Amino acid sequence: MPSTRINGFDIYYEVYGKGETIVILNGIMMSTSSWSSFIDVFTRNNRLVLIDFLDQGKSQKSNKPYDQKLQSDIVKGVIDELGLEKIHLVGVSYGGEVALNFALRYQENLSSLILANTTSYTTQLLKDVGKCWNYAAENHDGRAFFKATMPFIYSVEFYEENIEWLKKREDLFVTIFDDAWYDAYIRLVDSAENLDIREEIEKIKVPTLIISAEYDITTPPRYQQIIHEKIPDSKWVMIKGSGHASMYEKPQEFASNILGFINTYDEEIKIV
């Protein structure tokens with residue numbers, strides 16, 4: 001898969017399928033490989049573009065701090081590299097924050113905007129959660145990092161019912177995350193610390209879908225309610241029985257909400 005040089009950094013991306021383009025922006029601990037189970041469903045009628053942010057996955061690591069505006073420039077660079085004039089932009093958690101920044105700066109490139117389990121500002125509580133995660137990351141200990149982060153990501157029900165799967169993921173944390181990964185992760189967390197675009201997002205005029213999860217304790221539904229109230233004519237849906245990682249807990253609902261919106265947002269449906 002290709003990479004491109006944007007703002008002095010080598011950025012990795014993947015492209016699948018044909019049709020109108022859906023670009024998915026990762027959550028903070030994710031990468032392009034996190035979407036492997038979704039490729040078939042999202043490419044049945046669409047082109048799918050997956051991007052590793054700076055300091056993420058196979059993209060280059062930074063050697064200095066930055067903010068999320070740089071990440072939105074990276075998304076712009078990838079779509080320009082691909083010659084895409086219009087995209088459907090899907091952002092999850094951290095990726096949703098970048099998507100909001102992108103929409104404020106490059107709205108002319110959007111056909112629609114989908115924001116899942118995300119926020120338009122970093123509260124003091126969220127800052128402290130980030131600091132807690134960074135403390136765990138600084139130890140470069142996969143098991144300690146897993147225990148510090150995962151209880152915030154999944155619902156209680158999912159955690160209890162899938163504990164064996166989670167234990168296998170904990171083992172992966174130990175084997176695949178090296179010192180460079182943890183240092184990059186800390187920079188990603190820090191890049192979101194000063195996010196507050198609540199008073200700007202009312203400028204977003206593209207069709208927008210906001211997805212919440214009932215048991216999300218990392219970015220609770222009240223955060224998405226603020227976005228819904230600020231973006232004119234936006235739509236807001238709730239995935240019941242899920243925590244922050246709704247794409248893993250309720251994958252069919254997650255995908256159907258996105259595809260349903262993309263396929264119908266510009267349709268006039270008359271009931272006769």
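**Stop 1: the second largest pocket**

Start by selecting Asp-67, Gln-68, Ser-191, Asn-194 and Leu-195: of the 13 residues lining the second largest pocket, these lie nearest its centre. The elements that give two or more residues to this lining are α2 and α8; helices (H or I, at least four residues) and strands (E, at least two) are DSSP runs, numbered from the N terminus. The second largest pocket has a volume of about 200 Å³. Its lining has 4 nonpolar, 4 polar and 5 charged residues, where Ala, Val, Leu, Ile, Met, Phe, Trp, Tyr, Cys and Pro count as nonpolar, Asp, Glu, Lys and Arg as charged, and the others, Gly among them, as polar.

A pocket here is found on a 1 Å grid over the protein atoms alone, as an open set of points where a 1.4 Å probe fits, with protein on both sides within 12 Å along at least five of seven lines; lining residues have an atom within 4 Å of a point. Volume is the space filled by probe spheres set on the points, which are joined across faces, edges and corners.

Before moving on: this is a predicted model, with local features needing pLDDT of at least 70 and side-chain atom pairs counting only at pLDDT 80 or more, while totals for chains, interfaces and linings use all residues. Residues are numbered from 1 along each chain as its sequence is written, and side-chain values use heavy atoms, with hydrogens and water left out.

**Stop 2: the largest pocket**

Now pick Gly-27, Ile-28, Met-29, Met-30 and Tyr-185, the closest to the centre of the largest pocket among its 49 lining residues. About 1,000 Å³ of space lies in there. Which helix supplies the largest share of the lining? That is α4, with 7 residues. Colour the lining by class and you get 25 nonpolar, 15 polar and 9 charged residues.

**Stop 3: two helix pairs**

Show α2 (68-81) with α3 (94-105): they pack at about 75°, axes 8 Å apart. Axes are lines fitted to C-alpha atoms, for helices over the stretch in contact, and angles run from 0 to 180 degrees between N-to-C directions. The two helices are therefore roughly perpendicular to each other (65 to 115 degrees counts as that, under 35 as roughly parallel, over 145 as roughly antiparallel, and the rest as oblique). Among the residues that meet are Val-75 and Ile-79 in α2, and Val-98 and Phe-102 in α3; contact means heavy atoms within 4.5 Å.

Next, α4 and α5 (142-149): their axes come within 8 Å and cross at roughly 170°, so α4 and α5 are roughly antiparallel. Select Trp-133, Ala-136 and Ala-137 of α4 with Ala-144, Phe-145, Ala-148 and Thr-149 of α5 to see the contact. Its residues divide into 6 nonpolar, 1 polar and no charged.

**Stop 4: the sheet**

Finally, switch to the strands: an open sheet of 8, with mixed pairing, ordered β1-β2-β4-β3-β5-β6-β7-β8. Strands pair if DSSP finds at least two bridges between them. Inside, β5 (87-92) and β6 (110-116) run parallel over 6 bridges, and Leu-89 has Leu-113 in β6 as its bridge partner. Helix α9 (221-230) packs on the sheet, touching β6, β7 (208-213) and β8.
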